[in-house]
Amino acid sequence: MEKDINIIGFLCNWCSYAGADLTGLNRIIYPTNIKIVRIPCTGRMDPVLIMEAFHNGADGVLVSGCHPGDCHYTEGNYYWRRRHAVLKRLLEFLGIDERRFQATWVSASEGKRFAEVVKKVVDDVRSWKKNE
Amino acid sequence: MSKTLQETARNLLAENKVEVIIGYAQGYDAFHTRPVFISNVEDVSKLIINEYCTNNLSVYLPIHKKLKVGIVTAKEQDLASIHELINEHQILEENVIIIEAAKQISSLSSELGEAQRDRGIDEEDGRQEAWKKRGYDMAVEEFEKLSAKERETFWDKEFERCIRCYACRQVCPVCYCPDCFVNRTMPKYLNEAVDMNKNKLFSLVRMLHVFGRCMDCRACNNACPVGIPLRLLTKKIAKDALELFGYVSGQGQEHPFSTFEKDELLEEIR
């Protein structure tokens, strides 16, 4: 059997991680390709961790946090939004396909949305892997 | 050119305005210069200034921050680096006297010419072709038009040679952290093993750390012993800073990462 894709998900403790929890509580089925790492806030997201994930063989990385304005620490995700824009462009410049590095906002009540997000990321990364 | 510089340096030292002068001295041949630290009036004759003064001397300022320093700047970017260090409170403005030699040097017109001068490559030398072939003169826009696969292959080939000597970090004026992330042991991001991916990781993260603070002085590009075109990356981050945040480094604007706007639309986040 072909090796399946691996995606590392960095989820913020207050929204997206709780959202992922809710997905499980609601018994919503979503791809198991994602391995979740809990981070305190997307504002804390260290680019080194993202690069480490890619270099240790992850096919995709998803970073998810609270919607703008909902950050537990008031403004962490605003800083992340800026750093994400720079990091994404730099990764693309170095030749990492844009489909492999994604960011979303998922709140604690959006269990269903989290499942959809993961499905979309998995589809995107699969389509990248196919053409690779 | 060098005579006026020496005269200025002599006066500064004689009048006790500075304790040490950081400048350029003749290197091992006519095409190379080396940094020199002068605290005796007799030694000022060592100072020279010419088109081969490519090092960015402001890298020595943070470690001499307790002294009164006179510093020779050979490029506009060196000057900008000093102001950046002052803005970041690494050095005291009153402790630094800038001896501006930038305007005395006739600049070569093209970017390629500059890059070649930086590396002491002659125009007649056959290496110019090799230079072009390897894409070193490529503009960022041009490089972005390549496919992701082509870009990856390009950087793989370049970073394969990297020996992670960290020379690029050592010569960088804004890389003054005494505890760089690569030297940390908790967590240990990088070790001494040969690993091309880690080479890439180091350079990418360094670029993020100098984002918006890099003055594009080309010191890292010149210092690289294996000739990785780091200039391409520094040009890229400068372009991103301008496109995304309208930010130009060294202009006294607030750093894009230390502020935000609530309704801005950068890269799309679903």
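**Exercise 1. A pair within one helix**

Find where E7(B) and R10(B) lie in this predicted model, and work out how their side chains are related.

*Solution.* 
Step 1: Locate the two residues. Helix 1 of chain B, residues 2–14, holds both E7(B) and R10(B).
Step 2: Check the spacing. They sit three residues apart, which is about one turn of the helix.
Step 3: Look at the side chains. E7(B) and R10(B) form a salt bridge, with 3.2 Å between the closest N and O atoms.

**Exercise 2. A pair from distant parts of chain A**

Now try a salt bridge in chain A: which parts of the chain do R126(A) and D4(A) link?

*Solution.* 
Step 1: Confirm the bridge. The side chains of R126(A) and D4(A) meet with an N to O distance of 3.1 Å.
Step 2: Assign the elements. R126(A) belongs to helix 4 of chain A, while D4(A) is in the segment before strand 1 (7–12). The two residues are 122 residues apart, so this pair links distant parts of the chain.
Step 3: Read the accessibility. R126(A) is partly exposed, with 38% relative accessibility; the relative accessible area of D4(A) is 38%, and D4(A) too is partly exposed.

**Exercise 3. A lysine and its network**

Is K239(B) buried or exposed? Decide, and then follow its contacts.

*Solution.* 
Step 1: Find the residue. K239(B) lies in helix 10 of chain B, residues 230–245.
Step 2: Apply the cut-off. Buried means under 20% relative accessible area. K239(B) has 16% relative accessibility, so K239(B) counts as buried.
Step 3: List the neighbours. Leaving aside residues up to four places away in sequence, K239(B) touches V140(B), E141(B) and E144(B).
Step 4: Pick out the charged partner. K239(B) and E144(B) meet in a salt bridge at 2.8 Å, N to O. E144(B) is partly exposed, at 27% relative accessibility.
Step 5: Widen the view. A network of salt bridges links R89(A), E144(B), K236(B), K239(B), D240(B) and E243(B). Over all chains, the whole structure has 21 salt bridges.

**Exercise 4. From the network to the chain interface**

The network includes a residue of chain A, R89(A).

*Solution.* 
Step 1: Take the bridge itself. R89(A) and E243(B) form a salt bridge of 3.0 Å, N to O.
Step 2: Count the polar links. Between chain A and chain B there are four salt bridges and ten residue pairs in polar contact.
Step 3: Find the elements on the chain A side.

**Exercise 5. Two domains in chain B**

To finish, what are the two domains of chain B, and how do they meet?

*Solution.* 
Step 1: The domain assignment gives domain 1 as 2–104 and domain 2 as 138–256. Their C-alpha centres are 26 Å apart.
Step 2: Describe the contact. Here 15 residues of domain 1 are in contact with 15 residues of domain 2. About 1100 Å² is buried between the domains, 58% of it on carbon and sulfur atoms.
Step 3: V59(B), Q77(B) and E84(B) supply 36% of the area that domain 1 buries against domain 2, more than any other three residues.
Step 4: Count the polar links. There is one salt bridge between the domains, and three residue pairs are in polar contact.
Step 5: Sort the domain 1 side by class. Its residues touching domain 2 are four nonpolar, seven polar and four charged.

Note on methods
Residues are numbered from 1 along each chain as its sequence is written. Chains are lettered from A and ligands numbered from 1 in the order in which they are written. This is a predicted model: local features need pLDDT of at least 70, side-chain atom pairs count only at pLDDT 80 or more; totals for chains, interfaces and linings use all residues. Side-chain values use heavy atoms; hydrogens and water are left out. Domain bounds come from an automatic or database domain assignment. Contact means heavy atoms within 4.5 Å. Buried area is the accessible area (1.4 Å probe) that two parts lose on being put together, summed over both. A polar contact is a pair of N or O atoms within 3.5 Å; within protein, one must be able to donate a hydrogen and the other to accept it, and residues adjacent in sequence count only if both atoms are side-chain atoms. Ala, Val, Leu, Ile, Met, Phe, Trp, Tyr, Cys and Pro count as nonpolar, Asp, Glu, Lys and Arg as charged, and the others, Gly among them, as polar. Helices (H or I, at least four residues) and strands (E, at least two) are DSSP runs, numbered from the N terminus. Buried means under 20% relative accessible area, exposed over 50%, partly exposed in between (1.4 Å probe, protein chains only).
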